[in-house]
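This briefing covers a predicted model.

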Amino acid sequence: MTGLPSVDPPQDMRVRQDEPGGLESAAGGVHRFPALDGLRGVAALAVVLTHLGFQTGVGLSGSYRGVLSRLDIGVAIFFVLSGFLLHRTQVLARMTHRPPARVGDYLWRRALRVLPAFWVVTVLALTVLPDNRDVPAAEWLWQLGLTSIYAAEHQQPGLTQMWSLCTEVTFYLALPLLGRWSLRGSADPRAVLRSQLVWCAGLTVVALAWQQAVATGLFPPYAGYWLPGHLDWFAAGMALAAVSAARSVDRTIGSARITELAGASGTCALGAVALFLLVSTPLGGRYGLVGLAPGQTAFRSVSYTVIALLLIAPAVLGPPRHRAVLESSPLQALGRVSYGLFLVHLVVIDLTFRALDIQPFSGHFLVMTAVSLSLSLVAATVSYVLVEKPALRLKNRVPWAGRSGRG
């Protein structure tokens with residue numbers, strides 16, 4: 001959902017000339033790709049706009065319903081980003097014969113990045129929104145425990161977007177096992193890259209099969225939110241991570257093909273726009289929260305994967321001039337508050353409808369967007385300053401590391 005894996009660079013970090021867009025530590029692990037912060041901000045904005053389109057009704061029957069409905073591609077971008085950023089450290093460690101990060105430390109940092117702000121917004125939604133005031137205590141546990149997708153009838157107002165966070169957290173938990181299983185064997189960069197691409201292809205097949213099972217009624221509808229149905233998006237990021245790590249270790253791997261692709265950022269952008277417009281037509285299925293035919297499910301999922309890769313690949317493999325827009329100050333600022341924006345925007349939209357006395361699905365898209373997006377950005381900034389940053393300062397204070405505070 002959220003593309004959360006960015007971390008603050010440590011003091012020993014230096015920029016490597018052979019690592020496009022990445023900040024490399026002395027230990028050899030890439031910690032940040034600045035351009036991806038900007039892309040994370042774009043993805044969060046897309047999620048907000050698709051929800052505004054749906055709740056105002058413009059995304060269901062307006063002239064731009066196709067584009068607004070398909071801006072849910074922001075979730076796919078988040079998942080691909082997570083697969084790339086988190087798995088790359090595993091692949092790079094294997095290729096350079098370094099031990100992988102300790103699982104406990106990794107989970108501690110993930111918890112600090114995800115849970116504090118999530119808990120604050122969840123409590124806010126369950127206490128402030130009138131439709132949630134009679135929610136039973138058991139429902140609080142479903143929501144606060146990030147388990148609402150594992151049973152029917154747990155989609156509460158202001159919190160329906162959290163399904164993607166539940167899925168992403170499941171991926172966080174599964175990744176250490178996926179990394180261990182997929183990175184066995186030779187540590188030669190070329191061998192690791194080949195095996196990773198095979199593994200990612202297998203995960204994609206699993207995802208497409210799961211999607212078809214849900215679409216045909218073999219699994220209940222809410223199973224469509226579960227991790228297996230979205231493994232293709234995570235796998236795309238993992239495959240890109242393997243390519244990026246291999247190029248970092250040995251620049252001769254796929255040199256001509258990779259360089260040509262990464263340098264054609266304009267072509268990639270045009271291809272992403274063209275495919276997005278295509279999937280915005282009825283070929284991508286009906287608009288709104290309705291079921292899709294099996295073929296439409298596969299077409300939309302594969303299209304979103306390709307679009308996300310076309311946007312992300314130049315940002316991590318291309319030369320610096322192709323990252324200027326994503327690394328611009330406005331998009332970097334948006335990227336910093338993107339998690340809070342994702343968390344809080346539905347609460348703000350609900351309150352804005354009430355404050356302006358506008359009924360949902362009655363139009364007023366521009367007014368609702370201007371007011372609720374502005375307020376959401378303010379709330380997201382407050383979340384970043386007062387909740388997220390203070391929590392991340394604890395990332396090296398692992399509770400089980402003793403007084404040394406090593407993590």
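The side chain of T122 comes within 2.8 Å of the backbone oxygen of F118. T122 is part of helix α5, which spans residues 103-128. The model is predicted, and the points below are grouped by topic.

**T122 and its surroundings**

- T122 has a relative accessibility of 1%, and it counts as buried because the cut-off for that class is under 20%.
- Apart from neighbours within four places in sequence, the residues in contact with T122 are Q143, L144 and L159.

**Packing of α8 and α9**

- Helix α8 covers residues 189-215 and helix α9 covers residues 231-249.
- The two helices pack at an angle of about 170 degrees, and their axes are 8 Å apart.
- α8 is therefore roughly antiparallel to α9, since angles over 145 degrees fall in that class.
- On the α8 side, the contact is made by P189, L193, Q196, L197, C200, L203, T204, V206, A207, L208 and Q211.
- On the α9 side, L231, D232, A235, M238, A239, A242, V243, A246 and V249 meet them.
- Sorted by class, the contact of α8 with α9 consists of 16 nonpolar, three polar and one charged residues.

**Largest nonpolar core**

- The largest nonpolar core holds 100 residues.
- Within this core, L36, L165, I312 and L343 touch the most other members.
- Helix α4 (residues 73-95) supplies the largest share of the core, with 14 residues.

Technical notes
Residues are numbered from 1 along each chain as its sequence is written. This is a predicted model: local features need pLDDT of at least 70, side-chain atom pairs count only at pLDDT 80 or more; totals for chains, interfaces and linings use all residues. Side-chain values use heavy atoms; hydrogens and water are left out. A nonpolar core is a set of buried Ala, Val, Leu, Ile, Met, Phe, Trp, Tyr and Cys residues joined through side-chain atoms within 4.5 Å. Buried means under 20% relative accessible area, exposed over 50%, partly exposed in between (1.4 Å probe, protein chains only). Helices (H or I, at least four residues) and strands (E, at least two) are DSSP runs, numbered from the N terminus. Axes are lines fitted to C-alpha atoms, for helices over the stretch in contact, and angles run from 0 to 180 degrees between N-to-C directions. Angles under 35 degrees count as roughly parallel, over 145 as roughly antiparallel, 65 to 115 as roughly perpendicular and the rest as oblique. Contact means heavy atoms within 4.5 Å. Ala, Val, Leu, Ile, Met, Phe, Trp, Tyr, Cys and Pro count as nonpolar, Asp, Glu, Lys and Arg as charged, and the others, Gly among them, as polar. A polar contact is a pair of N or O atoms within 3.5 Å; within protein, one must be able to donate a hydrogen and the other to accept it, and residues adjacent in sequence count only if both atoms are side-chain atoms.
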